[in-house]
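Let's take a look at a protein chain together. Have the picture open while you read, and go slowly.

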Amino acid sequence: MQNSVHFVLQGKGGVGKSHVAVNVAQYIANLPNSELICFDIDQVNTTFAHYKALNVSKVNVVGDSNMIDPKKFDSLIEKILTTEGNFVVDTGSNTFLNLLSYIVENDLINFLKDSGYTTYFHTVIGGGAEFYDTSAGFDSIASATNTPIVLWANEYFGQLKSEDGVDLIDSKVFKKHKEKLAGLVLLHARNKSTFGADILKMNTKRQTLKEVMNNSEFSIMEKQRIKTVFNDVFVQLDKIDWQ
């Protein structure tokens, strides 16, 4: 994977978007000869930017009127175009519509392609009560462009089914955009008192897997469970045919 741009997008907040960005960043960082460069353009919840080991740059896209200024996305794109590497850009629900419109209006994906960069969208569909809204966000993203999408199915919030009991892979929105999927990554539901507590501890400390493995504050079994979770995700990402 060389000169790739990974936008993590979802219009619904609080569904694990920054968690996905952290996973993608660590996966890329572990690839041979891979230069990782990270940006956080969430103007409210700068979770991604707090991972010091990932050296995330915070990008301000708010104008003088305290509103999102689409023209400020220009500086982000210029930073990408003037640097070689693999980029992870974590967005926020507050920048979602503005950024998606900017991407479409400026024909950004083709521009990046002509400049030697391959672009991927990463988005999350949450289970349970989050299924409807996050499915709508996925539909908006997939309908806007032909950019390859990595769909992250998050079981943390409940079963990945619609209100009428239809599984994600059988849902209308999944079938509608299936051809645009570069891959599907399942974030498995796990025991919240063990795996869940360990991942929460890790996320609260804003630490990467490598940091956790070297941190004496985590027990041997906590490290093993966290490693199991990340290995599961990395194996799924390995199956994607990255261009």
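This is a predicted model: local features need pLDDT of at least 70, side-chain atom pairs count only at pLDDT 80 or more; totals for chains, interfaces and linings use all residues.

Now for the overall build. Nine helices and seven strands make up the list of elements in the chain. For 243 residues, a compact globule would have a radius of gyration near 18 Å, and the chain has 17 Å, so the two agree. Here are some whole-chain values:

| Property of the chain | Value |
|---|---|
| Box filled by the C-alpha atoms, along the principal axes | roughly 50 × 45 × 40 Å |
| Accessible surface | about 12000 Å² |
| Share of that surface from carbon and sulfur atoms | 49% |
| Buried share of the 243 residues | 49% |

How do the contacts run along the sequence? Take those between residues at least 6 apart: 73% of them join residues at least 24 apart.

Next, the inside. In soluble globular proteins, nonpolar side chains tend to be buried together. In this chain the largest nonpolar core has 39 residues, and the members that touch the most others are Phe7, Phe39, Leu76, Ile80, Phe121, Phe138 and Leu168. Helix H3 (residues 96–105) gives this core its largest share, five residues.

Which residues does Ile80 touch, leaving out those up to four places away in sequence? They are Val5, Phe39, Phe87, Leu112 and Tyr117. Apart from this core lies another, of 37 residues, including Phe195, Phe230, Val233 and Ile240.

Key. Residues are numbered from 1 along each chain as its sequence is written. Side-chain values use heavy atoms; hydrogens and water are left out. Helices (H or I, at least four residues) and strands (E, at least two) are DSSP runs, numbered from the N terminus. The radius of gyration is taken over C-alpha atoms; the globule rule is 2.2 Å times the number of residues to the power 0.38. Buried means under 20% relative accessible area, exposed over 50%, partly exposed in between (1.4 Å probe, protein chains only). Contact means heavy atoms within 4.5 Å. Accessible areas come from the Shrake-Rupley method with a 1.4 Å probe; for residues, only the protein chains shown count as cover. A nonpolar core is a set of buried Ala, Val, Leu, Ile, Met, Phe, Trp, Tyr and Cys residues joined through side-chain atoms within 4.5 Å.
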